[in-house]
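My entries follow the structure.

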Amino acid sequence: MAQTLSQSLKALVKSIDETESLVANADQWVRVRLPVGVPRFASRHRQMITELAFLRVFLSWELFLEETFILYLTGKTPPRGRAPHRFVYPPNRKGAVGIVSEGRDFAKWSTPSIVVARAERFFRDGKPFSPAMSHHMSALNEMRHLRNAIAHWQEKTQDKFEAVVRTRSRTGTYQKGLSVGAFLGSTVPTSNPPQSFFDDYVSKVRWLANKIVPN
């Protein structure tokens, strides 16, 4: 539980840094040539690690949204800039959590449109969440579909994953049997310098975090 907006931002950045390092290391491990008989680090292992790293980033992003939303709702000010104008004034954190959850056991943070709508109910112009998230709404929805495809293998989640691949690929096709990890490790078409989809999504999360909590 972050006590300040700055701490919440630092926690997200630390999680992202660690996952990026893990994925980069996995890319190196798969290239290591080992003596005969020594179990090697295979491409499928790298793909699995990439998927787990992506899940970690997504979960950290959800936690960041929840923590910063509650902190702003209790009147906290970011390191740089002003606190957003609130429409409600909860007396403490517990009151803010109750308002945000709106009678449910917990609020949902994985669907960007829900977060944007929630921000616009509680803050003027939905700031700082709505302007930033609206800028990368497509990427955030893609991330949610990828997260679901990793966490819940169902026909529906697989269909959404395949749709993301077709949308983002140069050819508009989906290679049968492609894993989420393999897709995340592949290069974004036209990216210069070349960048993986994993790095592309992570860079967007970094950008969004710094817009939500100006530092």
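**Aromatic rings**

I began with the ring pairs, which link Phe69, Tyr72, Trp109, Phe122, Phe123 and Phe129 into a cluster. I paired rings of Phe, Tyr and Trp (its six-membered ring) if their centres lie within 6.5 Å, and called planes under 30 degrees apart stacked, over 60 edge-to-face and the rest tilted. The model is predicted: local features need pLDDT of at least 70, side-chain atom pairs count only at pLDDT 80 or more, and totals for chains, interfaces and linings use all residues. Residues are numbered from 1 along each chain as its sequence is written, and side-chain values use heavy atoms, with hydrogens and water left out.

How many aromatic pairs does this rule give? I get twelve aromatic pairs. In one of them, the ring centres of tryptophan 61 and phenylalanine 64 are 5.9 Å apart with planes at 20 degrees, so I list the pair as stacked. Both residues lie in helix α2, three residues apart, about one turn of the helix. For helices I took DSSP runs (H or I, at least four residues), numbered from the N terminus.

I then looked up burial (buried is under 20% relative accessible area, exposed over 50%, partly exposed in between; 1.4 Å probe, protein chains only). Tryptophan 61 is buried at 3% relative accessibility, and phenylalanine 64 is buried at 2%.

Tyrosine 72 and phenylalanine 129 form an edge-to-face pair, 6.0 Å centre to centre, with 90 degrees between the planes. Tyrosine 72 lies in α2 and phenylalanine 129 in helix α5 (residues 129-135), so this pair ties together parts that are 57 residues apart in sequence. Tyrosine 72 is buried at 2%, and phenylalanine 129 is buried at 0%.

**Helix contacts**

I fitted axes as lines to C-alpha atoms, for helices over the stretch in contact, with angles from 0 to 180 degrees between N-to-C directions.

The axes of α2 (residues 43-73) and α6 come within 10 Å and cross at roughly 125 degrees. That makes α2 oblique to α6 (under 35 degrees is roughly parallel, over 145 roughly antiparallel, 65 to 115 roughly perpendicular, the rest oblique). Contact here means heavy atoms within 4.5 Å. By that rule Glu51, Phe54, Leu55, Phe58 and Trp61 in α2 meet Leu140, Met143, Arg144, Leu146, Arg147 and Ile150 in α6.

The axes of α6 (residues 137-151) and α7 (residues 155-168) come within 8 Å and cross at roughly 135 degrees. I therefore noted α6 and α7 as oblique to each other.

Methods: Helices (H or I, at least four residues) and strands (E, at least two) are DSSP runs, numbered from the N terminus.
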